[in-house]
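Subject: Structure handover

Hello,

Here is the structure we talked about. Please open it and keep it beside this email while you read.

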Number of protein chains: 2
Amino acid sequence: MKVHNFSAGPCILPQVVFEKMAEACLNFNNSGTSILEISHRRKDAVEVIDTARALVKELMNVPDSHDVLFMQGGASLQFPTVAYNLLKEGGKAAYLDSGKWAANAIKEAKRFGDIEVVASSKADNYNHVPKGYEIPTDVDYFHCTSNNTIFGTQMKEFPTANVPLVCDMSSDILSKHVDVSQFGVIYAGAQKNMGPAGSAVAIVQKDLLGKTGRNIPDYLNYATHIAKESSFNTWPVIAVYGVMENLKWLKEQGGVEAIAKINTAKAETMYAEIDRNGLFTGTANVEDRSQMNATFVLNKEELKAEFDALLKEAGVVSLAGHRDVGGYRASMYNALPLESVQVLVEVMKQFEQKFG
Amino acid sequence: MKVHNFSAGPCILPQVVFEKMAEACLNFNNSGTSILEISHRRKDAVEVIDTARALVKELMNVPDSHDVLFMQGGASLQFPTVAYNLLKEGGKAAYLDSGKWAANAIKEAKRFGDIEVVASSKADNYNHVPKGYEIPTDVDYFHCTSNNTIFGTQMKEFPTANVPLVCDMSSDILSKHVDVSQFGVIYAGAQKNMGPAGSAVAIVQKDLLGKTGRNIPDYLNYATHIAKESSFNTWPVIAVYGVMENLKWLKEQGGVEAIAKINTAKAETMYAEIDRNGLFTGTANVEDRSQMNATFVLNKEELKAEFDALLKEAGVVSLAGHRDVGGYRASMYNALPLESVQVLVEVMKQFEQKFG
C-alpha cells in the first residue's frame, strides 16, 4: 500500500534521492567504490560538496556578499554558533520568541550576552507569530525563526531592521522565495526541505564576521568554514550527497518559485478542509498559518481511535501532533505530493460522513 | 578489477555495511519507508541508536561509570567540547603533542585555559611518540592522541596519571583492546573503524562532569547528551545506522580481540616488507609504528611514476602519503582484508625485481 508520509522531520524526500543514495552506497558514480569508503578530499567527493553549494546559491539566488557553508550539529549547534560569531563581548542581541526552537535559540544566546526578547507568543502556546514589536538599534543582530514546526505558524514577511537579520529557516528553507540579501545569516538543519538528517547549512554575510572580540573555537567559527570551503574537517559525505541530489531534484521541478506554487496549493487544500469540516479545528491563528505544518485537533477527542483507524487504512502515517500542541500535524514539505494531502482530506471527509 | 582501498579515512568498511545502508535508503527494515524519511524518534529509529550504543558498550567493555554518546562535528568539535566539559574556569590541563591532530586539540584547548604541553615530537616531524614525560598533578586532565594517522605512530601503552586521562582515539578505536576504565573521556570521529563519516562517539565518565563552572552550550555539554540518550536533537540517522551495522559486523568477526590479531598480522606483513625491501624506508620510529597507518617513502624519488603505475595495475588505491610526510601511507583499518596488504607487498616485491 502506498504510504503518505506527513513526518515533521526527518521527512519525506523525493524517491530519486533514496535511489541515488542507495546507489552511491554501493557504487559511487560508477567508480567501483562506495561513497562511504572514499576520502572527502578525493576529487569526485569534492565535486559533491561543490555542486551542493552551487545549487544552494543558484536556487536561493545567494549574492556574492554571502557564502554557503555545510556544517554538522543541526540548528541546535547553530544557536551558540550565531552568538559566538555575531554577539560582541559585552554586546546585546534581540530575539523574537515565536516557538520552542526560538526559545531554545534564546536560551543559548543568553550564555553569551544580554538578550532582549522583543516579543513572545508563549503565553498563547505560540499559536501566532508576534507582530508590532520594535527592534532596538543598539543590538548586534535580530534573530527570528521563519517557521515554527511544532505550532504550525510561519512568518509571512520579515521585518526591516537597521541591524543584521538572523533567521533559523530549518523548516521552510527552499519552500518559497526569500531575498537572501536581507539577511546577515540564514541557517537550517537539513532534515526537512534540504536533505537527510546529518548536515546543516549556514548562509553567511561575510563582512559581518570577525567583529565580536571572542576567541571562537575553529569548528564554531563561520570564518573557518568559509576559508576551508566547508572542508575544515571531514564533512558528512553521504548526508551532503543527499542534499545535492535533493537540490538537483528541486531544480528539475523548476526551482523555488515552482515548488512554492505547489506548496501553496497543498496548504490551501489542507486548511480549506480543516475549516470546512466541523469535526476539526486548526490551532494556529489563521493569518500566521504555516504552509509547511498544518496543526489541528479533533473537536471530539473521544473519536480519536476511529479517526486514527481511518488514517491507518488510507496509509497516512506520522500525522500525530507534537506533545506541546496535541492533536494532529500535517507536515507538507517540498517532497510531499499534493496527492497525499488529497488522500488525507478524503479521510477527513469520510470521517465526517461517519461521525459528523 | 578488485580495488584494494588503503584510504586514511573515510576508509574501507565491510561490504555488508554498504549493502545494509543501501537497503535502508530504499526500504528500512522492510517497513516500506526509507530510513531517510522517518523521525529519529520513531521506535525503529530509536532502536538503531540504542543498538549502536549497546554494541560500543559490549565491544569495548564500557563500565557503568561511563556513558556512550553519539554526536556530530567529528573529533574537531570534540577538541573544544572536552575543554568546555573538563577544564575549569581558570584551570589548567596537560597535553601530549604527538601529531597534527594533537596540536589542533592543544590549539583549541588554549582558548579555554592554561595548557601545559608535557612533551612534543614536532621538531622531529612527529616521527615518534614522546615518552618519559611527567604529568603534573595539578591539572584538570591529561590529553593524548592514541594514533597519529598522518605520521604513522601509535601509543603502545597509556600513562597512569593521577588526573583524568582523555584520549582522541579517532584512528584506532575498536582496533585493539583498551581498558576504558582507565580513561575519563575517549572520543573518536567515526570515519575509520567506527563507521561512515557524519558521526562521532564520546565515551564519558559521568562523575567528571559539572565541575568546570562554565556556562556550556547545550550541544557541547556531555551532560545534555547523556540525559537525552544522544537524542537531544536530530541525530544523523543514516550515519549512526552505518555505525550500528559496522559494529554488528565487528561482533560477528569475534570482536575487538579477534580483529586485533588480524590487525597485527596485517601490520607485521606490511612492516616486514618495508624493512626488507631496499627501495623503501619507513618514516616512523620502529618502536612507535602504528598498526593502522604504515608510512614509508621511496628511496629513489625518481622511480615514483613507475611504482605508482604498478600500484594502479594491481588495483591499489589511496596509498598517497599525507603532504606533511610525503611518500606513501598504507592505512590498514579493521575492514581492510589481509589479502589487500599481501597484494601491496607483492607489488613492492615486483617493483624491487624491476628496479632494485
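Strands here are DSSP runs of E with at least two residues, and they are numbered from the N terminus. Bear in mind that this is a predicted model.

Start with A:Lys192. This lysine sits in the loop between strand 9 (185-189) and strand 10 (200-205) of chain A. An unreviewed UniProt entry lists A:Lys192 under "modified residue: N6-(pyridoxal phosphate)lysine". Is A:Lys192 buried or exposed? Its relative accessibility is 11%. The cut-off for buried is under 20%, so A:Lys192 counts as buried.

Next, A:Arg41. The unreviewed UniProt entry marks A:Arg41 with the annotation "binding site". Look for A:Arg41 in the loop between helix 1 (15-26) and helix 2 (43-60) of chain A. A:Arg41 is partly exposed, at 48% relative accessible area. Leaving out residues up to four places away in sequence, A:Arg41 touches A:Val46, A:Ser231 and A:Phe232.

Last, go to chain B. B:Thr153 lies in strand 7 (residues 153-154). Its relative accessible area is 0%, so B:Thr153 is buried. Among the residues that B:Thr153 touches, not counting those up to four places away in sequence, are B:Ser98, B:Tyr126, B:His128 and B:Asp288. B:Thr51 is 102 residues from B:Thr153 along the chain, and their C-alpha atoms are separated by 32 Å.

Best wishes

Definitions and conventions: Residues numbered from 1 in each chain as written. Chains lettered and ligands numbered in written order. Predicted model: local features only at pLDDT ≥ 70, side-chain atom pairs only at ≥ 80, totals over all residues. Heavy atoms only, no water. UniProt positions renumbered as here; feature names shortened; annotations may be inferred. Helix = DSSP H or I, 4+ residues; strand = E, 2+ residues; numbered from the N terminus. Buried < 20%, exposed > 50% of the residue type's maximum accessible area, 1.4 Å probe, protein only. Contact = heavy atoms within 4.5 Å.
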